[in-house]
Every structure is written in C-alpha cells, then in structure tokens.
Amino acid sequence: PKETQYDILALFEQATFEKVEGQPEKFDYSLTLGWNTRHRLYIDVDGEQVINPESGVAYNITSGGPEIREALNALQ
C-alpha cells in the first residue's frame, strides 16, 4: 500500500549514509524510486548497504539501518 511505501521512504530520508569503496556481492531488495525519472537502488539489509547499480557507488547506512531492515523484512 502507498502508506507503507511512504513509511519506508521516510526511513530512508531520516537515515544517514557514508560512501564506501566496492560493492557487496549480494543484495536483498531492489527499490525503484520514481520522481521526474526512475532511480533504482539495491539494498543489502544484513550488511546495511545501499548500492546505486547505475554508478556502481555503494553507501553504508550509518544510522537507521535496523529500522529499514525491520520495515523491509515485514513486507515478506
């Protein structure tokens, strides 16, 4: 539902991230965000990383990771 989508988006907005070198070999979720254009992100919830597959840049989730993991795992 849209409410759940907005809740998850709010968790990402409140989280903080730190750019890291390299990419994880696996990811748990693929998230597509649509504003003026579509953006895809891969999410490794166990490793608490977000990966931009287009640029190859990865970010550690430095705060808010457990909340994001809990929300995404609840969707299963």
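I began with the order of elements, and from the N terminus on the protein runs α-β-β-β-β-β-α, where helices (H or I, at least four residues) and strands (E, at least two) are DSSP runs numbered from the N terminus. For overall size I looked up the radius of gyration, taken over C-alpha atoms: the value is 12 Å, close to the 11 Å that the globule rule gives for 76 residues, so the protein is as compact as a globular protein of that length. That rule is 2.2 Å times the number of residues to the power 0.38.

I noted that this is a predicted model, in which local features need pLDDT of at least 70 and side-chain atom pairs count only at pLDDT 80 or more, while totals for chains, interfaces and linings use all residues. Residues are numbered from 1 along each chain as its sequence is written, and side-chain values use heavy atoms, with hydrogens and water left out.

Next I searched the whole structure for aromatic pairs and found two; rings of Phe, Tyr and Trp (its six-membered ring) pair if their centres lie within 6.5 Å, and planes under 30 degrees apart count as stacked, over 60 as edge-to-face and the rest as tilted. Phe 12 and Phe 17 are stacked, at 6.5 Å centre to centre with 5 degrees between the planes. Phe 27 and Tyr 42 are stacked too, with ring centres 4.0 Å apart and planes at 0 degrees. I placed Phe 27 in the loop between β1 (16-20) and β2 (29-34), and Tyr 42 in strand β3 (residues 38-44), 15 residues apart.
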